[in-house]
Amino acid sequence: MQKIEIDQNGYYGNFGGAYIPEMLYPNVEELKSKYLEIMYEDSFQKEFQYLLRDYVGRPSPLYFAERLSTQIGAKIYLKREDLNHTGAHKINNAIGQVLLAQRLGKTRIIAETGAGQHGVATATVCALKGLQCIVYMGAVDIERQAPNVARMKMLGAKVIPAKSGSQTLKDATNEAIRDWINNPTDTHYVIGSVVGPHPYPDMVARFQSIISEEIRKQLKEKTGSELPDYLVACVGGGSNAAGTFYHYLNEEDVKLVAVEAAGKGIHSGMSAATTQLGTLGVLHGSKSIVMQTEDGQVVEPHSISAGLDYPGIGPLHAHLFESKRGIFLSATDDEALKEAFNLTRLEGIIPALESSHALAGLRKLDFKKEDVVVVCLSGRGDKDMDTYMKSLNGDLG
Amino acid sequence: MNRIKNLFDNKNKNVLNVYCTAGFPKLNSTLVVMKALQNNGADLIELGMPYSDPLADGEVIQQSGSIALKNGMTIKVLFEQLKNFRKEISVPVVLMGYLNPVLQYGFEKFCEDAASLGIDGLILPDMPQISFENEYGAIMKKYGLDFIFLVTPETSEERVKNLDELSSGFLYAVSSSSTTGKDKSFEDVEKYLQRLQSYSLKNPVLTGFGVKDKTTFESVCKYSNGAIIGSAYIKALENANDIATATQTFLASVIG
Ligand SMILES: Cc1ncc(COP(=O)(O)O)c(C=O)c1O
């Protein structure tokens, strides 16, 4: 097996790089030349680890879901990122990047958000550090993730609706990038997933790699081996999956399963299953797999889950897909909803809609009874209660 | 024959490059707009290929692009419209766009087709220098297309010189770090352009982003070879009943 790693130009195989207009070059270049040095400095690591422990509540538990295991027919462990402060894995990266931004002398923080989890996480760390925070969010997402909009506002962030295109995550990302172009000196752009120009995909993956670092230790304690048979995670841009896979990328015996959002069905015209529907393209600064028309216009995706409603995928995942190192599955809106209720009733855990896609992936794999499977439960479902209640009452359009 | 080189050989002051979006305001207005620009004093035309995610563009150009896409503009349709344009248009024309649609068309095929239609050069702001050097530069050269890099006030001297060396035709000086169509202080712009002048670059320099009227045109022309106007002209077209008249009025207000 070819080693999975990033090269010096920011490519995983054929995917990655930095396809950015010159206006962004100085900022991206500064990050590229300094991110590794800064993030592995003793003082940085000390503060980062301290906040992950005492502020976020890490390590997040690795929970053996007994009743779900019986139902599925394998040993299912849930990596409880939903128990993190602010309710999802996004806080790991937000803390990392804001600490980094401070060390770069930046005073103004911008972010894009889909489900609002990354926006809340970024607003939270900015409140903690006394930094100005501006979050771009698609107008459609503002509506469907109202609790998170309220949280961001209470945290003191300014939420700016992105009104172009499909008014979801892609457009919020465009607006954030334009903001960065217009504010080149005082601003750091905290990207929320393993997307964007190099070094973002690598930097975000490293900040999220705490997830698999902990899984290795926790599994060893619980099963005697650091290695599961399967790792399963949902993929929007791919940051919780990247964090879950990171320390296993080159462990051949561990199967890496990524679950994308099929929306109303892969071929329904309302889907966000990028690897199934996309082709090689450039989006938001990197070469990857992109959902697009024959003319190279980016397609407006659909998913019931705002965090997965994105027409691209990080370059690491494009490479895992192309090299066949990863197994790529998809789950529809309905399948995800069903899993959300299933987990809630079996285990008393209300998952985020995004994470419910990962759970739906479990139905599509052929397990042996003794297989050890770790699912990244990337976030909790508080933000999705409105959708869940509508589903319960049969009101979903 | 190199039209861009000829242009600058004959005129190296107050060169006016005007940006328009293909397929805007109407699908079939592309050539009407180009003719109006040529007839009213544009020395060069930057023809924008609309894209769903134009990161470097402000609202005005974004809007024109969305309308053009809704109108049905694609690269294929554009090339069909440009089939005989050289019978009517003699000023140099550069295509401006983003890399993704060009990659989908096929980079080499795109260059081959554009060159055979009579296109003179390309501006692709998200083309990485390294990809230009390793891959795409040679293809454009093969078909005789100029490639124009952008530089900004934040671009280091060394990098400006590098990008100038790699560019041909002209160098695109972005007046300040911003998306298109933002207002800015032209005092700083003049200082920046003087700095660029002191580098003794190989290419002529055209200055764009924020140039919108006679005052700003004259300001950037003091220390560079000319200007690129985009958003202000698109705005003039937005409200136009008649493209020819609107173009005449607009250009007269800039260079008249
Ligand atoms: C709970 C949760 N899981 C997953 C995602 C998807 O992002 P990624 O693929 O980067 O992990 C999001 C994004 O908003 C999220 O909030």
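Trainee: Where is A:Pro199 found?
Mentor: In this predicted model, A:Pro199 is in the loop that runs between β8 (187-190) and α9 (200-208) of chain A.

Trainee: And the peptide bond from A:His198 to A:Pro199, cis or trans?
Mentor: That bond is cis, and its omega is near 15°.

Trainee: What about the bond from A:Arg58 to A:Pro59, cis or trans?
Mentor: The bond from A:Arg58 to A:Pro59 is cis as well, with omega near -5°. A:Pro59 has its place in the loop between α2 (42-56) and β3 (62-64) of chain A.

Trainee: Staying with the backbone, what is the phi of A:Lys324, positive or negative?
Mentor: Positive, at about 65°, although A:Lys324 is not a glycine. The loop that holds A:Lys324 lies between α13 (315-322) and β13 (326-332) of chain A.

Trainee: Ok, ligand now. How many residues surround the ligand?
Mentor: There are 19 residues around the ligand, and the closest are A:Ser193, A:Gly236, A:Gly238, A:Ser239 and A:Ser378. By type, this shell divides into 6 nonpolar, 11 polar and 2 charged residues.

Trainee: What lies 2.6 Å from a nitrogen atom of the ligand?
Mentor: An N or O atom in the side chain of A:Ser378.

Trainee: And which residues lie at 3.0 Å and 2.7 Å from an oxygen atom of the ligand?
Mentor: At 3.0 Å there is a polar side-chain atom of A:His89. At 2.7 Å there is a backbone N or O atom of A:Gly236. As for cover, the ligand has 390 Å² of accessible area on its own, and the protein covers 98% of that.

Trainee: So which cavity is the space taken by the ligand?
Mentor: The ligand takes up the space of the largest cavity. That cavity has a volume of about 330 Å³.

Trainee: How many cavities of 30 Å³ or more does the count come to?
Mentor: The count comes to 5 cavities of 30 Å³ or more.

Trainee: Back to the largest cavity. How many residues line it, and which lie nearest its centre?
Mentor: The lining has 32 residues, and those nearest the centre are A:Lys90, A:Leu169, A:Gly192, A:Ser193 and A:Gly307. The lining splits into 11 nonpolar, 18 polar and 3 charged residues.

Trainee: Which elements supply at least two residues of that lining?
Mentor: In chain A, the strand β5 (108-113) does. So do the helices α5 (117-129), α8 (169-182), α11 (239-245) and α15 (353-361), each with at least two residues in the lining of the largest cavity.

Note on methods: Residues numbered from 1 in each chain as written. Chains lettered and ligands numbered in written order. Predicted model: local features only at pLDDT ≥ 70, side-chain atom pairs only at ≥ 80, totals over all residues. Heavy atoms only, no water. Near = heavy atom within 4 Å. Polar contact = N/O pair within 3.5 Å; in protein donor to acceptor, adjacent residues only side chain to side chain. Areas by Shrake-Rupley, 256 points an atom, 1.4 Å probe, with all protein chains shown as cover. 1 Å grid on protein atoms, 1.4 Å probe; cavity = no way out; pocket = protein on both sides within 12 Å on 5 of 7 lines; lining within 4 Å. Sits in = over half its atoms within 2 Å of the grid points. Nonpolar A, V, L, I, M, F, W, Y, C, P; charged D, E, K, R; others polar. Points joined across faces, edges and corners; volume = space filled by probe spheres on them. Helix = DSSP H or I, 4+ residues; strand = E, 2+ residues; numbered from the N terminus.
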